[in-house]
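Subject: Structure handover

Hello,

Here is the structure for your files. My notes on what was found in it follow below.

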Amino acid sequence: MKTSTILLASRPQGEPTEAQFKFETRELPALNSGEVLLKTRYVSVDPYMRGRMSSAKSYVAPFEVGEPIAGGVVAEVMESQADQLPVGSLVVGNLPWQEYSVAPAQSLQQIPADQAPISYYLGLLGMTGLTAYFGLLDICEPKPGETVVVSGAAGAVGMVVGQLAKIKGAQVIGTAGTDEKVAYLKELGFDEAINYKTADVPAALAAAAPNGVDCYFDNVGGPITDAVYDLLNKHARIAVCGQISMYNATEVPMGPRPEGKLLKTSTKLQGFIVSDYLSRWPEGVKQLGEWYGQGKLQFEETVTEGFDQIPAAFLGLFQGDNTGKAVVKVA
């Protein structure tokens, strides 16, 4: 059996373009014992993938030039040599950008078809929701009445962070890049939302947080983060989740040096990767699922249709095209 696949054609210098992707038809191997044939239903596109397009050493191995790009995928079992995954099962796993693929059953997680939209297992009930859950609740530990700031708040992780902070009784301020996204954050229950492209961010943040900032969930880095540091309270906590403002930089930008502010406020600053919490993922999925079922969590997706549109959906992440989780519906 043959399948269409998307390869990394070359490593980007600066912001990636369509030139980094190549479509190819490849032959699938026959099934061995314990393996399943999968039909891709949804593909996740995520900012962290930009780092894997580079050859630089990181927390996860880079994509290889000339080989398929891989990431979160929801798929349906079409043929099975594994008793635990019969034909028709829905699964989520780290799989190549292909219309069909072969994978060991043990590398996949079976998901229910009736708890939530199946694409949510790439978002709210998947890696992005878990990133929000552990980053906010384990590192920031917001308390009732405290002030939490979330950058990139209209993204897949940020919108969940803000809602979790509200569940914990905090005042929540989010930043986003359009007036429409700002309005959506207010609909989600954010107390304040700031359009960082049109507002004077330091002044707007100071006005929104007159009592200072206790927790900061950092998805973007750059000038927004610099402005938050000026408002940190004693014993503030910062979870560094992403730095998308700098992912495509060809040189390291020079900015304020925050160490003195962190020292004077006894601030905890911790970077993290969601895989640090792998053993606790079932706990996170269970709790997020309960809050979703109770109506305490809402979730937004930007869905692009068509296997051939995966590269465009990925590139759109760096233009702010998505509200919430960006996914591609393949079948």
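Predicted model: local features only at pLDDT ≥ 70, side-chain atom pairs only at ≥ 80, totals over all residues.

**Helices over the sheet**

Strand 11 (residues 213–218) has six of its six residues buried, so the rest of the structure largely encloses it. On one side, strand 8 (residues 147–150) is joined to strand 11 by three bridges, and the two run parallel. Within that pairing, Val-148 has Cys-215 in strand 11 as its bridge partner. Strand 11 also pairs with strand 12 (residues 232–240), in the parallel sense and over five bridges. Here Val-213 has Leu-232 in strand 12 as its bridge partner, and Phe-217 stands opposite Ala-239 in strand 12.

Thr-147 is found in strand 8. Is Thr-147 buried or exposed? The cut-off for buried is under 20% relative accessible area, and Thr-147 has 11%, so it counts as buried. Leaving out residues up to four places away in sequence, Thr-147 touches Gln-171, Ile-173, Ala-209, Gly-212, Val-213, Asp-214 and Cys-215.

**A separate antiparallel pairing**

Strand 3 (residues 35–44) and strand 6 (residues 100–104) run antiparallel and are joined by five bridges. Glu-35 has Pro-104 in strand 6 as its bridge partner. In a regular strand, side chains alternate between the two faces of the sheet. In strand 6, Ser-101 and Ala-103 make up a covered face, while Tyr-100, Val-102 and Pro-104 make up an uncovered one.

**Helix contacts**

Helix 5 (residues 201–208) and helix 6 (residues 222–229) have axes that come within 9 Å and cross at roughly 40°. That angle makes helix 5 oblique to helix 6, and the crossing is right-handed. Val-201, Pro-202 and Leu-205 in helix 5 meet Ile-224, Ala-227 and Val-228 in helix 6. The residues of this contact of helix 5 with helix 6 are six nonpolar, no polar and no charged.

On the helix 2 side the contact is made by Thr-128, Gly-129, Thr-131, Ala-132, Tyr-133 and Leu-136, and on the helix 3 side by Ala-156, Val-157, Val-160, Val-161, Leu-164 and Ala-165. By class, the contact of helix 2 with helix 3 has nine nonpolar, three polar and no charged residues.

From helix 2, the residues Gly-129, Leu-130, Tyr-133, Phe-134 and Leu-137 meet Trp-281, Glu-283, Gly-284, Val-285, Gln-287, Leu-288 and Trp-291 in helix 8. The contact of helix 2 with helix 8 divides into eight nonpolar, three polar and one charged residue. Gly-129 and Tyr-133 are listed in the contact with helix 3 and in the contact with helix 8.

**One exposed leucine**

Leu-263 has its place in helix 7 (residues 259–264). The cut-off for exposed is over 50% relative accessible area, and Leu-263 has 68%, so it counts as exposed. The C-alpha atoms of Leu-263 and Lys-234 are separated by 9.7 Å, with the two residues 29 apart along the chain.

Regards

Note on methods
Residues numbered from 1 in each chain as written. Heavy atoms only, no water. Axes fitted to C-alpha atoms, helices over the stretch in contact; angles between N-to-C directions. Helix = DSSP H or I, 4+ residues; strand = E, 2+ residues; numbered from the N terminus. Parallel < 35°, antiparallel > 145°, perpendicular 65-115°, else oblique. Left-handed = near helix turned anticlockwise from the far one by under 90°. Contact = heavy atoms within 4.5 Å. Nonpolar A, V, L, I, M, F, W, Y, C, P; charged D, E, K, R; others polar. Buried < 20%, exposed > 50% of the residue type's maximum accessible area, 1.4 Å probe, protein only. Pairing = 2+ DSSP bridges.
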